Amino acid sequence: MEGALSSSTTYKEKEKQENVEDHEILKNRISTHPLYGLLVEAHLDCLKVGGISGDLDLEGDVSRDMKQLDNKYKDSENRQSDLDHFMEAYCLALGKLKEAMEEPQQTSMAFISNMHLQLKELTGSHQPEPATSLSGQSVDHLN
């Protein structure tokens, strides 16, 4: 019985190791795929729309690399693998997501601009001078 348990454990460990190796191979195939750069750019574009732009100073490099990868991809053979289809679909999905994220922002900005214009019309085109104290300092500054 102990021998069967040992061989079962060994088989599971071997299967787990194969899964890890398959995972690494897949990660390598994705990261070296000609559309990977476009995928990264689309992802960065979504992050920018969402206001997450922290340390994204890689834009210029990514953009240049993506153009090269895109040209390389267009020049490659016509046969497409499942990975090719996935990468294309993912890039398109990220593009649609970016558009969907931008639409409410554009609507909000149009509303804010319209409200600003209406407020300007109501108050006249001149801005009131800030109130000053006897010392000549702005009252807003003292608060």
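Biologist: Does Ala-42 count as buried or exposed here?

Modeller: Ala-42 counts as buried, because its relative accessibility is 12%, where buried means under 20% relative accessible area, exposed over 50% and partly exposed in between, with a 1.4 Å probe and protein chains only. This is a predicted model, in which local features need pLDDT of at least 70 and side-chain atom pairs count only at pLDDT 80 or more, while totals for chains, interfaces and linings use all residues. Residues are numbered from 1 along each chain as its sequence is written, and side-chain values use heavy atoms, leaving out hydrogens and water.

Biologist: Which helix is Ala-42 found in?

Modeller: Ala-42 belongs to helix H2, helices being DSSP runs of H or I with at least four residues, numbered from the N terminus. Helix H2 covers residues 36-49, and its buried residues include Leu-39, Ala-42 and Asp-45.

Biologist: And what separation do the C-alpha atoms of Ala-42 and Gly-95 have?

Modeller: They are separated by 6.2 Å, although Ala-42 and Gly-95 are 53 residues apart along the chain.

Biologist: Switching topic, how many salt bridges does the structure hold?

Modeller: There are three, a salt bridge being a side-chain nitrogen of Lys or Arg within 4 Å of a carboxyl oxygen of Asp or Glu. One of them joins Asp-45 to Lys-48, with the closest N and O atoms 3.5 Å apart, and both residues lie in helix H2, three residues apart, about one turn of the helix.

Biologist: What about Lys-98, which residue does its side chain meet in a salt bridge?

Modeller: The partner of Lys-98 is Glu-102, at 3.6 Å from N to O, and both lie in helix H4 (residues 82-123), four residues apart. Lys-98 is partly exposed, since its relative accessible area is 25%.

Methods
Helices (H or I, at least four residues) and strands (E, at least two) are DSSP runs, numbered from the N terminus. The expected span of a helix is 1.5 Å times one less than its number of residues.
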